[in-house]
Amino acid sequence: MSSKEGSGGFRKRKHDNFPHNQRREGKDVNSSSPVMLAFKSFQQELDARHDKYERLVKLSRDITVESKRTIFLLHRITSAPDMEEILTESEVKLDGVRQKILQVAQELSVEDMHQFHRAITTGLQEYVEAVSFQHFIKTRSLISMDEINKQLIFSTEDNGKENKTPSSDAQDKQCGTWRLKITPVDYLLGVADLTGELMRMCINSVGNGDIDTPFEVSQFLRQVYDGFSFIGNTGPYEVSKKLYTLKQSLAKVENACYALKVRGSEIPKHMLADVFSVKTEMIDQEEGIS
């Protein structure tokens, strides 16, 4: 069945009549031509950038894991007899996390951080969450972004042999200082995640008979929620997405404070945790229905 031109059939191209091995007869491509040399340099640059991106993803994963371990450690404060011992241990763990961040800073010392931001944003958010959680336990206040960034300025004395990277030697010769700045979005997302940890600390504190912490956490979360409400939908999409979770955490803490204020004298301390867990489940079910 023959197909006419323009009837939707396939047209044979002229070179299809020639055998495959005879189509490209001619001189071999000159590997030393300017075009080939340019594309080889493009290939090397893209490979190096891809390898750097993969290294940053691995470092971000390590930062996330160690930061989570620090948060789990800090949650033991509600039941531990010695708070200072846990705070000291958490500081040691955060120092280890900063050593990982130092490696990130060395990788990005001659790069535009925003080109690789997607590779490290998860780890930085988790680090902000861990640092702000520790700071709240110590001072009952929110750590500022400037304070976090001041902790991420490293000198050559902070750089151990195990943290050397290929770009660190050149950087040492230039200035001997590395720094990594937390972006405002990473800071906001880390603080939003902090509210969930504070909600858990509040419920755990009540279960251990501590009736002061829930009211302190509740007041703090209201201030954070007010701040996020000012941003609203005008901020980045990820920030507005976290606002709903923040509202849930605030509702659970306020519910615990309400039960303490109204029924605190009626419920034995060892039963407070059970009462709050039941109320929390009821809130979750109501939110799921709505």
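Contacts between residues 24 or more positions apart make up 74% of those in the protein with a separation of 6 or more. This value, like the others reported here, derives from a predicted model. The protein contains nine helices and two strands, and its elements follow the order α-α-α-α-β-α-β-α-α-α-α along the sequence. Of the 290 residues, 38% count as buried. The accessible surface amounts to about 18,100 Å², and carbon and sulfur atoms contribute 53% of that area.

The cysteine residues were examined for covalent links, and zero disulfides were found in the structure. For Cys202, the closest cysteine sulfur is that of Cys257, at 5.4 Å, which is too far for a bond. Because a disulfide requires a pair of cysteine sulfur atoms within 2.5 Å, the separation of 5.4 Å between the sulfur of Cys202 and that of Cys257 excludes such a link. Cys257 is accordingly in no disulfide, the sulfur of Cys202 being the nearest cysteine sulfur to its own. Cys202 is buried, with a relative accessible area of 0%, and Cys257 also counts as buried, at 7% relative accessibility.

His135 lies in helix 3, which spans residues 117–139. With a relative accessible area of 17%, His135 is buried, because this value falls under the 20% limit applied to that class. When neighbours within four places in sequence are set aside, the contacts of His135 comprise Arg140, Ser141, Leu142, Ile143 and Glu147.

Key
Residues are numbered from 1 along each chain as its sequence is written. This is a predicted model: local features need pLDDT of at least 70, side-chain atom pairs count only at pLDDT 80 or more; totals for chains, interfaces and linings use all residues. Side-chain values use heavy atoms; hydrogens and water are left out. Helices (H or I, at least four residues) and strands (E, at least two) are DSSP runs, numbered from the N terminus. Buried means under 20% relative accessible area, exposed over 50%, partly exposed in between (1.4 Å probe, protein chains only). Contact means heavy atoms within 4.5 Å. Accessible areas come from the Shrake-Rupley method with a 1.4 Å probe; for residues, only the protein chains shown count as cover.
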